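Please read the following points alongside the sequence and the coordinates.

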Amino acid sequence: MSARANILRSSAAHAILIAYTILALYPVFLIVINSMKSRRAIFNDPLALPTRQSFDLVGFQTVLEQGNFLLYFQNSLIVTVASLFFALLFGAMAAFALAEYRFRGNLLMGLYLALGIMIPIRLGTVAILEMMVAANLVNTHWALILVYTANGLPLAVFILSEFMRQVSDDLKNAARIDGLSEYRIFFTIALPLVRPALATVAVFTMIPIWNDLWFPLILAPGESTKTLTLGSQIFLGQYVTNWNAVLAALTLAIFPVVVLYLIFSRQLIRGITRGAVK
Amino acid sequence: MSRSRATRRPIRWHIAVFLAPALIVYTAIMIIPLFGTLNLSLFTRGQGNTREFVGLANFVTLFTDPRWSGAFWNATWNNLWFFIIHMLVQNPIGIALAAILSSPRLRFAAFYRTAIFIPAILSFVIVGFVWRLILSPLWGVAPNMMDAIGLGNWFAPWLGQESSALTTLALISVWQFVGIPMMLIYAALLSIPDEVLEAAEMDGITGASQFWKIKLPLILPTIGIISILTFVGNFNAFDLIYVAQGALAGPNYSTDILGSFLFRTFFGFQLQLGDPHMGATVATVMFFIILAGVSLYLFGIQTRLRRYQF
């Protein structure tokens, strides 16, 4: 192949990728720049960057005054962190048991726990709501935490048991000879060694929990337990004619997720890449 | 577990301790409610607050009673169309982007990868509203941009028209999730060993024909996994419809899919009261649709795909 054809091909590749990157990012960019403009500028020249004349933060003011966003943010944080903690801890424990010990029903147990990867938990909503009502957990953080923990477990067990199998047997047997209990072996040897896998599972589990609308809407729609996703959905519905406020609320909702993503994107991409290779 | 018939060996309690928390939470919150929902669909509300066993009557009502069947079949066909758009648009674009990204010595590959994946991490609330604003004739961003490239006459309020709303929503969902097939295929392409590609080059198979003849057959299992993930995701989708069009899935139910239909049936809307038993019936039908899809994949497709070990 001639060098000229090579250059042609690589510039065609870049052209396609740049075009698609613009398609992926421009809508988001448009919302962010317009959130910082006055109402008149939003409508007169939506594609322009905010200038000194058109710069206006009135939308953010409305959002911060009218919405309970700090509370919603806190709720989302509590629910996400707690669900992640339990899903990872319980998932890692079960994965360790499945990978480490031979016992009757091991394979069956693994299959049973993996069922939930394919069958969405949403289909059980009717009975889940009945159960939460009976247990008096509606409009509490616990309702959401329990549901998300259960939902996160199958994938956590599935991925982590794969990694638990790779933890060196010599290391564990040396610890056993030193008289460490099985629990100590799990917490002090196995768990620290699968930390990269834990981080991957955490990122995978975190995004759907943070973004979920269905369960907050059904199990915890009360003002004190609204998550950020549900809160912004309701706020956007109420302020639908106040463009400044809507654009500002969207920008505020986009910001934390994108920042978190940029911090963890290498972890996430490495996780997907490794998971698929397997 | 080995407890009951464990001979000689002492009972290994720690195995039970390690398994118990996951098993209890998973069984109590996921498996039991799932079967509870399947069970609820066999009952109806009787006089007072009692539950009456009615067998499969709810399903007969759902499939044939004119008050229900019209809405149900409408939601099912819409959902199928939603899925078809994803298969025809999202996955081919994802494969094409991955193929370009994986070409050797491509600069900025990490940047493109990261950027194109960003919409997939945003919530439906954000995505639905962003596109509602952009496609709104009030704001005029979309018509202005189309004017600029000479397509101004083609603009229509797509989300507001019965004929185009569902397809528009499906394309918005494609826009959001194209990064996922892209990333999975990209990973699969990277895992093809260099020796295979070098051998192909020796035989004079390069460029596009190398992709079609060598790489594509090797990534077929990954494409299978992506298809089934898309299927499961589409057949329990709800959020995007709810955010962009409301629980009524307007205009005139043209964007109603099974998820939004389940929500309305369960909680009621306008004058109709919510009905947990019919809700459970809809959820059961969705369960069997998803189960059928997953089984078809596991037993019909996956076993026939040839896997290559390197």
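1. Over all chains of this predicted model, a search of the whole structure finds ten salt bridges, a salt bridge being a side-chain nitrogen of Lys or Arg within 4 Å of a carboxyl oxygen of Asp or Glu. A:R122 lies in the loop between α5 (106-118) and α6 (125-134) of chain A and B:D239 in helix α11 (residues 239-245) of chain B, so this pair joins two chains. The closest N and O atoms of A:R122 and B:D239 are 3.0 Å apart, and the count between chain A and chain B is two salt bridges. Helices here are DSSP runs (H or I, at least four residues), numbered from the N terminus.

2. On conventions, residues are numbered from 1 along each chain as its sequence is written, and chains are lettered from A in the order in which they are written. Local features need pLDDT of at least 70, side-chain atom pairs count only at pLDDT 80 or more, totals for chains, interfaces and linings use all residues, and side-chain values use heavy atoms, with hydrogens and water left out.

3. At the interface, 91 residues of chain A are in contact (heavy atoms within 4.5 Å) with 86 residues of chain B. The two chains bury about 8,100 Å² between them, 82% of it on carbon and sulfur atoms; this buried area is the accessible area (1.4 Å probe) lost on putting the two parts together, summed over both.

4. Which residues make the nonpolar surface patch of about 700 Å²? B:F63, B:W73, B:W77, B:L80, B:W81, B:I84 and B:L88 make it, under a rule that takes residues with over 30% relative accessible area and no salt bridge and joins nonpolar side chains (Val, Leu, Ile, Met, Phe, Trp, Tyr) within 5 Å. Helix α3 (residues 66-101) of chain B gives the most to this patch, with six residues, and B:I84 lies in that helix.

5. B:L216 is found in helix α10 (residues 207-235) of chain B and, leaving aside residues up to four places away in sequence, touches B:F211 and B:I223.

6. In chain A, helix α8 is followed by A:G179, whose phi is positive, near 90°.

Technical notes:
Patches are made of residues with over 30% relative accessible area and no salt bridge: like charges are joined within 9 Å, nonpolar side chains (Val, Leu, Ile, Met, Phe, Trp, Tyr) within 5 Å. Accessible areas come from the Shrake-Rupley method with a 1.4 Å probe; for residues, only the protein chains shown count as cover.
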